[in-house]
Amino acid sequence: MTWHLTPAQIRAYASHTADDVMAMSVEAHLTHCAPCRGLLPVDEDWIERSWSDLRDVVDRPRAHPVERLLRSVGLGDGTVKLLAATPQLYRAWLMSTVLVLVCALYAAHALPSGSLVFYFTAPIVPLAGVALAYGRGVDPAHTLTSITPMAGQRLLFLRTCAVLVPAVILCTLAALLMPVPTTPWSAVFWLLPALTLVAGSLVLCRWVHLSLASGAVGLLWLLCLAMLSGADHLTPLAMVAPHAQPWWASALAALVGTLLLRSRMRTS
């Protein structure tokens, strides 16, 4: 070194009164100058606090409330980390879900046929969440997770569950706030169509991106509603009517069977 820090510079840096330019210059100099580092007063309290904070982050990180909840139901640490590390669009989708359901409830109470808004919206809510749950473009850590042993179908199913469970819970709570139903089970007629649409998107994502598959399935749902609205002897409500539930259950069973068979063929 051809020059050294002055006592005034060292005091200003140690007391945190130096401006940004001086602080960066002092730090760059201290990296390569042992004599000046020896002149810098040691703040034992600051060092202890810094090490304590570092240990909290690295050695014993504080668990997120969601992580504690998942561990309480018996899930392993690896699974908990994958479920808790949801993609960056997850919170935006969750807030949008609440907003959409609130609007659907308002329409159900304010409009004569407003209940149809909820029945046709609820099956799309979990599907939209699944579209944002996994894959390149929606998950910033996709490049890293795609090369881990948990990548592929297992991670896809875990992320799907991570959005499907809260979506079903929110839709169920909204259904309980609907106007008095004509039959006790009419509040959950949306559930089987919703699960079937999700399963269909998971089957279709073998050939296309998950977001595109979910969008295609959601568009098909809307097209079916539009076709029924123009029919003479049927109404869109027929999509979630009681007599349609066995058909939805059969389709769901077939799609889930396809997913399980595919998963078994991959592992064998």
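Helices are taken here as DSSP runs of at least four residues, numbered from the N terminus. On this basis, in the predicted model, His 16 is found in the loop between helix H1 (7-14) and helix H2 (20-32). The phi angle of His 16 is near 65 degrees, a positive value in a residue other than glycine. Most residues other than glycine have a negative phi. His 16 is also exposed, its relative accessible area being 68%, and the cut-off for that class is over 50%.

The protein chain as a whole contains 14 helices and 0 strands. Read from the N terminus, its elements follow the order α-α-α-α-α-α-α-α-α-α-α-α-α-α. The chain has 268 residues, of which 36% count as buried.

The buried residues of H9 are Val 125, Pro 126, Leu 127, Gly 129, Val 130 and Ala 131. The axis of H9 comes within 8 Å of the axis of H13, and the two cross at roughly 160 degrees. Because angles over 145 degrees count as roughly antiparallel, H9 is placed in that class relative to H13. The crossing in which H9 passes H13 is left-handed.

Helix H13 (residues 210-229) also takes part in a crossing with helix H12 (residues 191-204). The axes of H12 and H13 come within 8 Å, at a crossing angle of roughly 140 degrees. That angle makes H12 oblique to H13. The handedness of the crossing between H12 and H13 is right-handed. Gly 200 lies in helix H12 and counts as buried, with a relative accessibility of 16%.

Helix H11 (residues 153-176) includes Val 165. At 47% relative accessibility, Val 165 counts as partly exposed. Together with Ile 169, Leu 173 and Leu 176, Val 165 makes a nonpolar surface patch of about 400 Å².

Helix H7 (residues 90-110) holds Cys 103. Cys 103 is classed as partly exposed because its relative accessibility is 46%, a value to be set against the limits of 20% for buried and 50% for exposed residues. Cys 103 and Val 117 lie 14 residues apart in sequence, and their C-alpha atoms are 9.0 Å apart in space.

Note on methods
Residues numbered from 1 in each chain as written. Predicted model: local features only at pLDDT ≥ 70, side-chain atom pairs only at ≥ 80, totals over all residues. Heavy atoms only, no water. Patch = residues over 30% accessible without salt bridge, like charges linked within 9 Å, V, L, I, M, F, W, Y side chains within 5 Å. Areas by Shrake-Rupley, 256 points an atom, 1.4 Å probe, with all protein chains shown as cover. Salt bridge = Lys/Arg side-chain N within 4 Å of Asp/Glu carboxyl O. Buried < 20%, exposed > 50% of the residue type's maximum accessible area, 1.4 Å probe, protein only. Axes fitted to C-alpha atoms, helices over the stretch in contact; angles between N-to-C directions. Parallel < 35°, antiparallel > 145°, perpendicular 65-115°, else oblique. Left-handed = near helix turned anticlockwise from the far one by under 90°.
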